[in-house]
Amino acid sequence: MEKNLRGSSPSPGLSFQGTKKENLGLAIDLGSTSLALSLWDLGPGGKELAQLSRPNPQLARGLDVISRIHYAHKSKTNLKDLQALALEGINGLIWDLEKDLGFSKEAIKGLVLVANPTLLHLLLGLDPIGLAQAPYKPNFLQAPPLEAMSLGLDLSPGLLLLSPPALSAYVGADLVAGLVGLFPGPPEENFLYLDLGTNVEILLQWEGKTYASSAPAGPALEAMSLTWGMRAGEGALIGAHLAQDPIFLEVLGGGALQGIAGSGLIKLVGDFLDLGLIDATGAFQEGASLPGHLAQRLVDLEGQRVFYLDRKVYLGQKDLRAFQLAKGAISGAIRVLLQEAQVGGGILDRIYVAGALAQNLDPALLKKVGLVPQDLGARDLVLLGNAALRGAQSLLLDWGALDTWASYLEKIRLLELSGNQAFEAAFLEEMVFPSPK
């Protein structure tokens, strides 16, 4: 059985009816590509009042965390620049909510933020270079409570910013928050949890032992490095039906096509495989073997084969290769964890896939394109949406819930993939697309 458990995403501007504007809280997910903020009534029975998101302004300095780490390390000016951009993005969301819902910052009584270790270091103005160099040691695993206003957030004096602990330099507070939001306490089931993004964090639990790692998927998975890639906003391709003639393109907002979002990329790859547009190596096939309405869209452009979606926007061979590198890293990392845990042919209870990228996908598509190993058995595959934000919301309502997880988190075995020969072999194998089933 496969299903989708998406997090709710209320639109801003919801009524405060029945809510006092004096006991509110903010949950924030600071992601590499996007920022998401959720406003909560902290009164009895706590409820979400609104949710907003926007691109992370740091994208202007680098599409992935590695490029931002090296940019920040070049000078103190660069480090301050990245900190200012993060603060600008968060404050912008706070101001938008204040304007739309008409509350004052003095009403905010609670604040929880989750992020990967690199982004949390940058937000605090700390050089994250130790996260990118052996022995991969962060300045901290859990940031101490900090006064939000002193940090640069436009909130009341005395309000503390809280963040759950990271597990290592590459497995962050966002994964921990995702677990807290998903389970009422440390789980006993056999499961795989992965949070899709530019840096994919992965956790596997098998027969009472838990393993974690991360895969450097890069910006291609969220389409940010594609020729026509864009964030999932108005004009973005989020789906396609290529078998019909003429082809049907699902464009966010219903207007003209402007580019390709991450979910649109994954769906395109799935259709390409189904229709024989690409082979297992990811290479475009000769037009003569394809239906005419598809063959005419395949052309050679500047040294590569491309598939035109309309007169302007296309997906090229180089874009496909970038996607293959991303999915090879993710699926290869999963393989290494499975080997380490000696899962063999065992069947997991569930595979959980978190991240806004996956929330509108058919779960079966993840195996078809090879983001999850096709032969990995599981009784259920569940899409979670933004699990990190949901976990931040849970901790906003009950910060003490972390206490029940302390022993569980300490026992997680961390696997470093850099220089890992098993991962390098699995990565190369998993770049190839799986055979159709």
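**View 1. The loop that holds Pro135, between H3 and strand E6 (146-147).** This close-up, like the others here, comes from a predicted model. Pro135 sits in the loop that links H3 to E6.

View 2. The peptide bond from Asp245 to Pro246 is cis, with an omega near 5 degrees.

**View 3. Ala223 in the loop between E10 and E11.**

**View 4. The largest cavity and its lining.** Searching the whole structure turns up one cavity of 30 Å³ or more. The largest cavity holds about 50 Å³ of space. Its lining includes Ala115, Asn116, Pro117, Leu120 and His121, and also Pro138, Phe140 and Leu141. Ala166, Ser168 and Ala173 are lining residues of this cavity too. H3 gives the most to the lining, with three residues. Sorted by class, the lining has eight nonpolar and three polar residues, and no charged ones.

**View 5. The largest pocket, with a volume of about 1,200 Å³.** A total of 46 residues line this pocket. To find your way to its centre, look for Ser34, Gly355, Ala356, Leu357 and Asn386, the lining residues that lie nearest to that point. Strands E2 (24-30), E3 (34-41) and E4 (47-55) each give two or more residues to the lining of the largest pocket, and so do helices H6 (262-275) and H10 (387-397). By class, the lining of the largest pocket has 16 nonpolar, 20 polar and 10 charged residues.

**View 6. The second largest pocket, with a volume of about 470 Å³.** Lined by 23 residues, this pocket has Ile66, Tyr170, Asn199, Ser214 and Pro216 nearest its centre. Helix H1 (65-74), helix H3 (117-123) and strand E10 (209-215) are the elements that give two or more residues to its lining. The lining of the second largest pocket divides into 13 nonpolar, eight polar and two charged residues.

**View 7. Helix H1 against helix H2 (residues 76-101).** The axes of H1 and H2 come within 4 Å and cross at roughly 130 degrees, which makes H1 oblique to H2. On the H1 side, the contact is made by Arg68, Tyr71, Ala72 and Lys74; on the H2 side, by Asn78, Leu79, Asp81 and Leu82. By class, the contact of H1 with H2 has four nonpolar, one polar and three charged residues.

**View 8. Helix H8 (residues 317-340) packed with helix H12 (residues 421-430).** The two helices pack at an angle of about 130 degrees, and their axes are 7 Å apart. H8 and H12 are therefore oblique to each other, and their crossing is right-handed. Among the H8 residues that meet H12 are Leu325, Lys327, Arg335, Val336 and Gln339. From H12, the partners are Ala422, Phe423, Ala426, Phe427 and Glu430. Eight nonpolar, four polar and three charged residues make up the contact of H8 with H12.

Notes
Residues numbered from 1 in each chain as written. Predicted model: local features only at pLDDT ≥ 70, side-chain atom pairs only at ≥ 80, totals over all residues. Heavy atoms only, no water. Axes fitted to C-alpha atoms, helices over the stretch in contact; angles between N-to-C directions. Parallel < 35°, antiparallel > 145°, perpendicular 65-115°, else oblique. Left-handed = near helix turned anticlockwise from the far one by under 90°. Contact = heavy atoms within 4.5 Å. Nonpolar A, V, L, I, M, F, W, Y, C, P; charged D, E, K, R; others polar. 1 Å grid on protein atoms, 1.4 Å probe; cavity = no way out; pocket = protein on both sides within 12 Å on 5 of 7 lines; lining within 4 Å. Points joined across faces, edges and corners; volume = space filled by probe spheres on them.
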